[in-house]
Amino acid sequence: YEPDTGPRVRVNQVGYLPGGPKHATVVTEATDALPWQLKSGGGAVVASGQTTPRGTDAASAQNVQTVDFSAYRKPGTGYTLTVDGETSHPFDISGALYDRLRADSLQFFYAQRSGIAIDGDLIGEEYARPAGHLGVEPNQGDTDVPCQAGVCDYSLDVRGGWYDAGDHGKYVVNGGIATYQLLSTFERTKTAETAGGGAALGDSTLRLPERGNDVPDVLDEARWELEFLLRMQVPAGKPLAGMVHHKIHDRNWTGLPLQPQDDPQPRELHPPSTAATLNLAAVAAQCQRLYAPYDAAFAARCGTAAKTAYAAAKANPAIYAPASDSTGGGAYDDTNVSDEFYWAAAELWLTTGDKAYLADVTGSPLHTADVFAPNGAFGWQSVAALGRLDLATVPNTLPAAEKTRIRESITAAADSYLATIAGQAYGLPFPGSADAYVWGSNSNLVNNAIVLGTAFDLSRDAKYRDGAVQAADYLFGRNALNMSYVTGWGEQHARNQHSRIFGHQLNPDLPRPPAGSLAGGPNAALQDPFAANLLAGCAPMFCYVDDINSYATNEVAINWNSALAWLASFLADQGDA
Ligand code: 9MR
């Protein structure tokens with residue numbers, strides 16, 4: 001299988017910020033430096049220079065050279081880069097490049113909502129659909145969901161929330177990190193100088209039914225999931241009260257495409273887990289501090305849930321979701337919850353100031369450990385960095401020296417990602433080895449960029465901003481496949497992501513994923529049969545196919561789009577760069 005990868009000159013197909021870094025990668029047989037020419041939309045040569053030979057790139061197994069045209073800063077549209085007889089896809093130079101991406105990436109969540117009719121007047125008729133999983137035939141509903149056999153003797157109303165990804169499951173640990181990232185996108189507007197006061201994330205910035213309610217729309221969207229997460233908590237008086245059910249999904253896997261309202265499978269609650277409980281504790285604590293100005297009663301409800309969940313997790317510290325529980329839904333298994341404890345304690349302390357939580361933060365070995373892995377600073381299974389990032393950015397009463405130490409741990413991690421970028425011919429903050437290109441690799445890459453963005457917010461040192469921008473270059477086409485992984489963004493973009501809702505590839509009457517949907521990305525382990533058949537032997541960066549059948553390389557997911565939303569919002573704030 002030989003994918004059509006278009007011109008051998010690989011650029012960010014969306015474009016470059018006027019004052020930002022401007023790098024491209026050329027696939028070539030040549031081993032000596034080559035001349036390059038930057039041409040304006042009118043075809044005039046506006047800059048030129050020599051490439052830098054880079055030898056064989058490990059991630060792609062290609063011989064490549066790089067171009068640095070950062071010195072050219074003039075805004076315009078339709079620029080192209082010509083090297084070695086090849087001309088790149090066109091791109092812009094503009095400070096407004098990413099303005100719409102902030103809303104596009106957040107708008108994805110409304111299209112994923114469960115338990116509410118999706119209004120075509122808001123996001124386009126092709127996305128209109130009746131409410132899913134409210135108990136209307138053939139749905140068996142999320143309004144009265146029993147536990148799996150033998151797990152509990154009650155049922156819960158767990159309506160609402162977002163469908164996790166291309167499936168109809170709802171999983172607390174993944175809902176947790178996705179909600180955290182939306183709330184963090186908002187919270188950054190209060191803590192980062194470049195965030196411009198949050199107007200771009202205020203009320204009526206998204207197309208939501210709640211727009212116009214004087215609450216920032218990103219908080220309205222996050223609340224849709226928070227209300228679901230709160231419903232997953234075991235009620236008082238029941239065994240394991242205060243713990244949180246790990247997940248709710250279909251008894252058996254369903255096929256594609258399938259609209260939520262057409263899902264006939266029985267829905268089941270799976271057992272509570274310590275990880276799910278601590279995810280609720282963490283995001284409910286964030287909820288308490290962020291919604292207080294808008295809805296005191298809701299903030300208080302979150303506060304109570306956070307406190308009771310944390311206490312329940314301490315009383316039941318080792319109830320793990322098993323890897324084997326993957327029939328009808330994903331496992332989201334985790335047998336190490338020390339990081340979830342650290343994150344939840346940090347969020348609870350930041351919100352309440354209660355010293356007992358601080359003792360759990362400083363008492364955790366993770367508090368002084370390097371928690372930022374090269375292959376992904378954080379993810380649904382490893383959340384220590386979320387606590388560390390918030391301790392560094394959310395105002396708190398830690399002694400100055402301790403604050404400095406924490407902030408230095410962020411910039412040290414960012415420095416390591418910059419070193420990685422320098423070593424990669426495609427300029428991404430991601431090692432070139434197969435073990436970096438895992439299921440959802442794009443989200444790990446974006447999460448590394450978020451550490452870079454946070455380091456910039458803390459230090460205002462442009463090198464960190466430039467690192468985050470280079471991660472975006474990879475996402476938008478500066479990669480081995482010459483492919484933008486965000487629907488609707490870039491000349492050649494992912495559009496056939498694995499989704500039961502956005503099933504256009506299988507049924508033309510159904511929509512494609514909406515603009516701003518991030519694909520999972522290259523996965524060298526080829527964990528679905530379609531990719532395994534087609535891509536056997538692929539170099540890591542080639543282990544991706546834009547086909548709806550490839551769930552292990554090309555799904556959409558809430559925790560991936562939440563990462564994109566944070567980065568998009570950061571990038572949109574850097575227009576003056
Ligand atoms: O994102 C998850 C990835 O880290 C795991 O390796 C993979 C296999 O367990 O599962 C991914 O999550 C999927 C979940 O299990 C079910 N809904 C779709 C998710 C995205 O593919």
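## About the model

What you're looking at is a predicted model, where local features need pLDDT of at least 70, side-chain atom pairs count only at pLDDT 80 or more, and totals for chains, interfaces and linings use all residues. Residues are numbered from 1 along each chain as its sequence is written.

Helices (H or I, at least four residues) and strands (E, at least two) are DSSP runs, numbered from the N terminus.

## Two helices side by side

Let's start with helix α3 (residues 172-191) and helix α4 (residues 217-231), whose axes come within 10 Å and cross at roughly 155°. Axes here are lines fitted to C-alpha atoms, for helices over the stretch in contact, and angles run from 0 to 180 degrees between N-to-C directions.

On the α3 side, the contact (C-beta atoms, placed from the backbone, within 7 Å) involves residues including V172, L182 and F186. On the α4 side, V218, E221 and F228 are among them. The residues of this contact divide into eleven nonpolar, four polar and two charged. In that scheme, Ala, Val, Leu, Ile, Met, Phe, Trp, Tyr, Cys and Pro are nonpolar, Asp, Glu, Lys and Arg are charged, and the others, Gly among them, are polar.

## Strands around β15

Strand β15 (residues 247-250) runs antiparallel to strand β13 (residues 170-171), and two bridges join them; strands pair if DSSP finds at least two bridges between them. K170 has I248 of β15 as its bridge partner.

β15 also runs antiparallel to strand β16 (residues 267-269), this time with three bridges. Here I248 turns up again, standing opposite L269 in β16.

Most residues other than glycine have a negative phi, and most peptide bonds are trans. Now for some exceptions. A cis peptide bond joins E137 and P138, with omega about 0°, and P138 is in the loop between α2 (120-123) and β11 (145-146). Another cis bond links L256 and P257, with omega about -15°; P257 sits in the loop between β15 and β16.

A61 isn't a glycine, yet has a positive phi of about 60°. You'll find A61 in the loop between β6 (52-57) and β7 (62-68).

Definitions and conventions: Two residues are in contact if their C-beta atoms, placed from the backbone, lie within 7 Å.
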